[in-house]
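User: Could you go through this model with me? I'd like to talk about its side-chain contacts and its pockets.
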Amino acid sequence: MRIEPADPTDPASSRLLDRLSDALEAITGDSGRASFAPLDVQGNGASFVLAYDDEGRPLGCGAYRPLAEGVAELKRMFALPGTKGVGAAILACLETRARADGYGQLWLETRRVNERAVRFYEKNGYRRIPNFGKYAGRPEAVCFAKILPEPVSPGG
């Protein structure tokens, strides 16, 4: 598997984002499309990545965008059903990229009813925080944060 930066408007990206939106609609009743703009994850301080199998087929995606000083918001995390370890690999890649971009924390929102996502983030070191931004006061939403570790210097 390889993970690399991609254009969120490319056909492969669009197909994965559509699959994610369909899955979210089925789980939560909301596709999440209104909370994501491809331009938000392009440019300085933002990243969008795709994971590919050994034959070049897209397996999943994820992104972050600037949110506040030292904080990026994780967006559009998705791995095709039946893939193993893809979500965790994408998350690890985004955490590394965010740290390199100067972020000390990643924040995110998911829906409480999306129990699989809630467990995934908790398993990967994310802790619940008060709902932020447009999610404040919305009981269906749950927000998480993770403090990103300092990069390890060679030989240290």
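User: How many aromatic pairs does a search of the whole structure find?
Analyst: The search finds six aromatic pairs, where rings of Phe, Tyr and Trp (its six-membered ring) pair if their centres lie within 6.5 Å, and planes under 30 degrees apart count as stacked, over 60 as edge-to-face and the rest as tilted. This is a predicted model, in which local features need pLDDT of at least 70 and side-chain atom pairs count only at pLDDT 80 or more, while totals for chains, interfaces and linings use all residues. Residues are numbered from 1 along each chain as its sequence is written, and side-chain values use heavy atoms, with hydrogens and water left out.

User: How do Phe120 and Tyr121 pair?
Analyst: Phe120 and Tyr121 form an edge-to-face pair, 5.2 Å centre to centre with 75° between the planes. Tyr121 also pairs with Phe144, and that pair is tilted, at 6.3 Å centre to centre and 35° between the planes.

User: Where do Tyr121 and Phe144 sit in the chain?
Analyst: The pair links distant parts of the chain, since Tyr121 is in helix 3 and Phe144 in strand 7 (residues 141-147), 23 residues apart; helices (H or I, at least four residues) and strands (E, at least two) are DSSP runs, numbered from the N terminus. Phe120, Tyr121, Tyr126 and Phe144 form one aromatic cluster.

User: Is Tyr121 buried or exposed?
Analyst: Tyr121 is buried, with a relative accessible area of 7%, because buried means under 20% relative accessible area, exposed over 50% and partly exposed in between (1.4 Å probe, protein chains only). Phe144 is buried as well, whereas Phe120, at 23% relative accessibility, counts as partly exposed.

User: Changing topic, how many salt bridges are there?
Analyst: The count comes to twelve salt bridges, each being a side-chain nitrogen of Lys or Arg within 4 Å of a carboxyl oxygen of Asp or Glu. One of them joins Asp18 and Arg33 at 3.4 Å, N to O, and this pair links distant parts of the chain, with Asp18 in helix 1 and Arg33 in the loop between helix 1 and strand 2 (47-52), 15 residues apart. Asp18 is partly exposed, with a relative accessible area of 38%, and Arg33, at 41%, also counts as partly exposed.

User: Which residues are linked with Lys75 in a network of salt bridges?
Analyst: Lys75 is linked in a network with Asp40, Arg65 and Glu73. The side chains of Lys75 and Glu73 meet at 3.7 Å, N to O, and both of these residues are buried.

User: And what about Glu140 and Arg138?
Analyst: Their side chains meet in a salt bridge at 2.8 Å, N to O; Glu140 is partly exposed at 32% relative accessibility, and Arg138 is partly exposed at 26%.

User: What sits over the ring of Tyr52?
Analyst: The charged end of Arg2 sits over that ring, 4.3 Å from its centre; the rule asks for NZ of Lys or CZ of Arg within 6 Å of the ring centre and within 35 degrees of the ring normal.

User: Now pockets. How much space lies in the largest one?
Analyst: About 1100 Å³ lies in the largest pocket. On a 1 Å grid over the protein atoms alone, a pocket is an open set of points where a 1.4 Å probe fits, with protein on both sides within 12 Å along at least five of seven lines, and lining residues have an atom within 4 Å of a point. Of the 43 lining residues, the closest to the pocket's centre are Met77, Phe78, Asn114, Ala117 and Tyr121.

User: Which element gives the largest share of the lining?
Analyst: Strand 4 does, with seven residues.

Definitions and conventions:
Grid points are joined across faces, edges and corners, and a volume is the space filled by probe spheres set on the points.
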